[in-house]
Number of protein chains: 2
Amino acid sequence: MPRKILIIGANAAGINAASAARKTDREAEITLITDEEYPAYSRCGLPFVLAGDIPSFENLIIFPTSYYRMMRLDLRTDTKAKTINPRGKTVLVEGKDEKQKTMEYDSLILTTGAESFCPPIKGRDKDGVLSLRTIEEGKHIHDAMKRAKKAVVVGAGFIGLEMAHAFAEKNIETTIVEMLPCCLPAVLDEDMADLVRREIERHNVRVIVGKGVDEILGDGRVTGVFVAGEEIPADIVLLACGVRARNELAEKAGIEMGATRAIKVSHRMETSMPDIYAAGDCIESTDMITGRPTLSQLGTTAVRQGKVAGINAAGGYSIFPGVLGSAVTRIFGFEVGATGLTESRARAGRVGLKTVSGKITAKTKPEYFPGGKEITVKIVIESESERIVGGQIVGGEGVAQRINMISLAIQKGATVWDLGKADTCYAPPVADTWEPVALASELAGLKIRR
Amino acid sequence: MPRKILIIGANAAGINAASAARKTDREAEITLITDEEYPAYSRCGLPFVLAGDIPSFENLIIFPTSYYRMMRLDLRTDTKAKTINPRGKTVLVEGKDEKQKTMEYDSLILTTGAESFCPPIKGRDKDGVLSLRTIEEGKHIHDAMKRAKKAVVVGAGFIGLEMAHAFAEKNIETTIVEMLPCCLPAVLDEDMADLVRREIERHNVRVIVGKGVDEILGDGRVTGVFVAGEEIPADIVLLACGVRARNELAEKAGIEMGATRAIKVSHRMETSMPDIYAAGDCIESTDMITGRPTLSQLGTTAVRQGKVAGINAAGGYSIFPGVLGSAVTRIFGFEVGATGLTESRARAGRVGLKTVSGKITAKTKPEYFPGGKEITVKIVIESESERIVGGQIVGGEGVAQRINMISLAIQKGATVWDLGKADTCYAPPVADTWEPVALASELAGLKIRR
């Protein structure tokens, strides 16, 4: 009898789990169910469709139907998992026709993802208050943007900033409101976030930090928001206040949750129930630096966890090493990226590290080669071990790959001197002799030694 | 009495030694002497001036006169060191006026660099046979290019390829002749070099590998070359056959040479003579992977060794960790970079490693985001330890920073699984969810486990 592998969810984690399961077990019956109309599309691409960088939402659908045929994956869209019966190893599902049916599994993989968190702001149910998670929601925003003149984005995380960029690209007057004291507060220290804010403001987007939205105004349709007594007019209010793991299905089935209220898993992506795996935005990850539970909820984490879950669910062996939260984006012509801990998070009570940081602003090419762009690199180290624990970069180009280098440095326990003396490469059209990441690292080191 | 630091040579290693010495000892008297007319310019920029990417040779002079004043560095151009007296701690120098004088030192730093190696080809003394090491030579080539219709480049190393690119940019019909079986034979395996050759040929440059130049033809002025019986016409023959350490001065002074015939130094850049340091193209380096002596002769190595030499010469403490030979360039619209050992060098008798490699061609951005470019990544690992020992990348963009990530992986002893499961970052405009470096690494790992 071929192994029955059932995957609930068919996005980043789900499709990677399915592909890895197929490569591990060529005979298995692999079924993916999703309650969405579209399968396996890039959520991270949505803001860039709205900005006009990507022609259409349909471009985001990563795999053509032929891929599912070739990999022999049975994909069922518009299909909702209602309940899991872990003892009987079945899942009750409901199709578009509202007919319910029971599906058997030998291995079950939960990749149920996350949903937008909607803060309890007065007036949040008005027309024109939108959030962005699915293609459907993207299409609503796309329609709303055609008529809109003014937008308020609530939340200055990655999606908030990307949406502010999209609005600005379409000549919509935009204001960002962030309750915490700076942009990208989860991944940047305030000094680095200030660079981001200044770049955004140069593009005529207003940024309000350290203040919350008290009320969303309007009579049925949104007309604006109240922020600390000021009325800011808006045709669109985009809520980008983070996401929450979708774990009701798992919880109802008695699967254990972690300290972060997401599904708890082992290194092999096993849940507390036999033969049930989970991966992606719905699970709790482990921070590689602190060893503590954390929520990663990034596309890169989802695909890598999905692969591990798929291999194990199909009888193979693979482990997931934990997360560092490496993330990047490009908006308003500049890039911003980060990995590991910010200095403020590292120093905070729960983690409680003594840190030192080094920061440098340098160009990506030698001064004499036209076209180099400025980047600012900040490296955070733990003082006693002198190990790298975080990196943040804001600048014109080459941020993503530099973040990856710092991420690997953290993963491998590199000290400030390892990174400061790294054997980097150089050629005038692509890089300077002194790599800014190495220089920032050295500066951090010198602060300890002095 | 302030410490007297004398530096012979004022380019990459020399100027970095001087700057580091000044930061270490604010009172020292620091003097740099160079036999060139121009101080501290970027040699690596020369081909890109000739290609028209950089407006003029003068742009390559990295530090203005004001820098030397600010750092209180006594720079003497057109000044030649004749002999070193290590016992008396003096150097006999000769200025432009041919007057000789004796200079005292407490610490001496040799950054005498390298010179072009000119192979013993018949006819190499003809007019129009050129090489590129100095601004003067660059200017000669620049003049020759104004009249030239056809060029032959002898040697397909980095400078050879960059010069072929410069000639092609100026519509000079160009042929590259490389004696070894492929382009960039020191840093690429043949499979990766083939990608480079194909890209170059797409730009109408002819590439002949595995054949040497038998004779340079012409009556006084060069008219062509003979390659395996074929006459290839040329107005310019550019010899780019590597460089040789300039170590006569050190050798005459009784300073010990290494197995590579370059100056032997400690981790602190100390030569065999007390208080004499050396750095850059004139010294022997240690390969971080094999522990063996090697010649690095790269700009990045020179600046980093110069800094270490400068700190130590000024009474500080700094060590140099060895080299991996990370190198990169950008020609004909694509980038090529490498670090560590190629598979062929790793397997060769002297090193004798059993290796496995993984290779992948992928795009730098998701398929759905316009503008992504193809890159091919090859990762070489040692079979038993499963550690990364080398990486090669050819492609449209983002090569330099990926090479740096692989270089750090080698430096920190990362295994194929460490790199294969690296926590990389992603956003549609800058990177895909699966980083090609990680995928290539995983492919290498799977070859071992199967």
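At what angle do helix α10 (residues 399-411) of chain A and helix α10 (residues 399-411) of chain B pack, and how far apart are their axes? The legends below begin with that contact. The model is predicted, so that local features need pLDDT of at least 70 and side-chain atom pairs count only at pLDDT 80 or more, while totals for chains, interfaces and linings use all residues. Residues are numbered from 1 along each chain as its sequence is written, and chains are lettered from A and ligands numbered from 1 in the order in which they are written.

**Figure 1. Packing of α10(A) with α10(B).** The two helices pack at an angle of about 5°, with their axes 8 Å apart. α10(A) is therefore roughly parallel to α10(B). Axes are lines fitted to C-alpha atoms, for helices over the stretch in contact, and angles run from 0 to 180 degrees between N-to-C directions. Angles under 35 degrees count as roughly parallel, over 145 as roughly antiparallel, 65 to 115 as roughly perpendicular and the rest as oblique. Helices (H or I, at least four residues) and strands (E, at least two) are DSSP runs, numbered from the N terminus. From α10(A), the residues Q401(A), R402(A), N404(A), M405(A), L408(A) and A409(A) meet Q401(B), R402(B), N404(B), M405(B), L408(B) and A409(B) of α10(B). Six of the residues in this contact are nonpolar, four are polar and two are charged. In this classification Ala, Val, Leu, Ile, Met, Phe, Trp, Tyr, Cys and Pro are nonpolar, Asp, Glu, Lys and Arg are charged, and the others, Gly among them, are polar.

**Figure 2. Helix α10(A) and the residue G413(A).** The 13 residues of α10(A) should span 18 Å at 1.5 Å a residue, and the end C-alpha atoms are 18 Å apart, which agrees. The expected span is 1.5 Å times one less than the number of residues in the helix. α10(A) is mostly covered, with 13 of its 13 residues buried. A residue is buried if 20 or more other C-beta atoms lie within 10 Å of its own, exposed if 12 or fewer, and partly exposed in between, with C-beta atoms placed from the backbone. G413(A) follows α10(A) and has a positive phi, near 65°.

**Figure 3. The side of chain B that touches chain A.** In total, 55 residues of chain B are in contact with 55 residues of chain A; contact requires that the C-beta atoms of two residues, placed from the backbone, lie within 7 Å. Two or more residues on this side of chain B come from each of α8 (299-313), β21 (327-331), β22 (334-340) and α10 of chain B. α10(B) gives the most, with ten residues. By class, this side has 29 nonpolar, 16 polar and ten charged residues. For α8(B), the 15 residues should span 21 Å at 1.5 Å a residue, in agreement with the 21 Å between its end C-alpha atoms. Of the 15 residues of α8(B), 15 are buried. Just after α8(B), G315(B) has a positive phi of about 95°.

**Figure 4. Helix α12 (residues 436-449) of chain A.** P436(A), V437(A), A438(A), A440(A), S441(A), E442(A), A444(A) and G445(A) are buried in α12(A). The buried residues of this helix pack against β23 (355-363), β24 (374-382), β25 (388-395), α10 and α11 (416-420) of chain A.

**Figure 5. Surroundings of C183(A).** C183(A) is placed in the loop between β11 (173-178) and α6 (190-202) of chain A. This residue counts as buried because it has 28 C-beta neighbours inside 10 Å. Apart from neighbours within four places in sequence, C183(A) is in contact with A156(A), L161(A), E178(A), L188(A), A193(A), V196(A), R197(A), V207(A) and V209(A).

**Figure 6. Positive phi at L184(B) and N204(B).** Most residues other than glycine have a negative phi. L184(B), which is not a glycine, has a positive phi of about 45°. L184(B) lies in the loop between β11 (173-178) and α6 (190-202) of chain B and is buried, with 26 other C-beta atoms within 10 Å. N204(B), also a residue other than glycine, has a positive phi near 60°. N204(B) is found in the loop between α6 and β12 (206-209) of chain B and is exposed, with 10 other C-beta atoms within 10 Å.

**Figure 7. The loop that holds G95(A).** G95(A) is found between β5 (90-94) and β6 (100-104) of chain A and counts as partly exposed, with 14 C-beta neighbours inside 10 Å. Leaving aside neighbours within four places in sequence, G95(A) is in contact with D78(A) and T79(A). The C-alpha atoms of G95(A) and T77(A) are separated by 8.2 Å, the two residues being 18 residues apart along the chain.
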